[in-house]
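Subject: Structure handover

Hi,

Here is the structure I said I would pass on. Have a look at it first, then read on.

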Amino acid sequence: MEILARELRGSGFEVVLQPVRIRGVDQHNLVAWAGPAVEGGLILSGHVDTVPCLDQPGWTCEPFGMTVDGDRMFGRGVADMKGFIAQCLAAVREVNTAALTRPVVLALTAEEEVGCSGAELLAPALGEVLGDVPVPRLCWIGEPTTWAVYQAHKGIVQVRIAVHGAGGHSSLPHQGVNAIAIAGRVVEAVGQVQAELREPVESMVDLFAQAPCTTFNIGTIHGGTAANMIAERCDLTLSYRPLPDDDTDADPLDPFRRLTERLALVDLADHGGGDGRASIVIGEPEVVPPLHSPADTPLARALEAVVGESPRGGLPYATDGGRFAQAGLDVLICGPGDLDQAHQPNESLSTAAFEKGPDVIRAVIKDLCEGGE
Ligand SMILES: [Zn+2]
């Protein structure tokens, strides 16, 4: 972030680093802006973190140093999404900031890959950071889409559930309560909610053709110690992907409440147990909100003019966009990387897609932030 701050100051931008403490680690978001303190303008956004790679099998190139081989560039984050940030830097270097008639803002976030946590703290603080400059309503996030444009995605909500039983010798099951046995009922309860919600939501079919409903996944289950011991505890993690609403005020926690009600009905007695009862502890849900922005904004028209794509619906992954939308921004997702390269070993980006980026971004800035209306 310090390197980016230096670079952006060199291009005539005001820069503020926002200190944030996320899961016990001190980090920074970055906001940079240029242009007059008037309404309108554009926010360019990207996250600077990446998913890990050191323990990821399949890497044959150096993940932390970019290499170019043939018509592709390789390295962790080239597609998701440092490539776009580099393009933004190159683009704004060419901007005559004195000639801007509306503000250009860069909002670069930390810690997107785990819970969009940097944006969670940055989005509501944008107004304060920008001071006199009104927060531009239009926000462009360059996540990998092969330059296609998307205006929506589902959210993701993670839930931890712990079943506490009572341990003991397996020869005397009536003296304990087997947590795994009760966890089986928890799994079934999740399945029932999943079944209730799998009807296609008519209004979402256009956005999410493959799965126009809230989907669930039980991700992990860990319980017990040995075959001859009563399992004292069983932990599950699950996630679901809530749909946005037509008017964007769908509550992504509705499915969580439905699940909580269902879990309250679970029989806590173990078939082999005595009078003891298990307890089910449901953790605080971690929510990344969905996104559903209008498809007919000036940014959509500016992008269409340069990349020839208009907003086509819902992305299969969540982004910082849900956080920015909660702060009132209209967000479009469009970037140089390929969807299927994100999080992969030997992550790569087409050199052609990289090289055309600065011109694409410059053209959009010119359209939205230079000249008259
Ligand atoms: Zn990303």
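This is a predicted model: local features need pLDDT of at least 70, side-chain atom pairs count only at pLDDT 80 or more; totals for chains, interfaces and linings use all residues.

Residues are numbered from 1 along each chain as its sequence is written.

Domains first. The chain splits into domain 1 (2–152 + 290–369) and domain 2 (156–287), with bounds that come from an automatic or database domain assignment. Taken over C-alpha atoms, the centres of the two domains are 35 Å apart. Where they meet, nine residues of domain 1 are in contact with ten of domain 2; "in contact" is used for two residues whose C-beta atoms, placed from the backbone, lie within 7 Å. On the domain 1 side, that gives five nonpolar, four polar and no charged residues. Here Ala, Val, Leu, Ile, Met, Phe, Trp, Tyr, Cys and Pro count as nonpolar, Asp, Glu, Lys and Arg as charged, and the others, Gly among them, as polar.

Next, the helix pair. Helices (H or I, at least four residues) and strands (E, at least two) are DSSP runs, numbered from the N terminus. Helix 2 (residues 78–93) packs against helix 9 (residues 351–369) at about 55°, and their axes are 8 Å apart. Axes are lines fitted to C-alpha atoms, for helices over the stretch in contact, and angles run from 0 to 180 degrees between N-to-C directions. That angle makes helix 2 oblique to helix 9 (under 35 degrees is roughly parallel, over 145 roughly antiparallel, 65 to 115 roughly perpendicular, and the rest oblique). Residues meeting there include Phe84 and Cys88 from helix 2, and Phe354 and Ile361 from helix 9. By class, this contact has eight nonpolar, three polar and one charged residues.

Now for the single residues. Val187 sits in helix 5 (residues 179–196) and counts as partly exposed, because it has 14 C-beta neighbours inside 10 Å (20 or more would be buried, 12 or fewer exposed, and in between is partly exposed, with C-beta atoms placed from the backbone). Ser350 is in strand 19 (residues 348–350) and, with 19 such neighbours, is partly exposed. Leaving aside residues up to four places away in sequence, Ser350 touches Asp71 and Arg72. Ser350 is also 9.6 Å from Val68, C-alpha to C-alpha, with the two 282 residues apart in sequence.

Cheers
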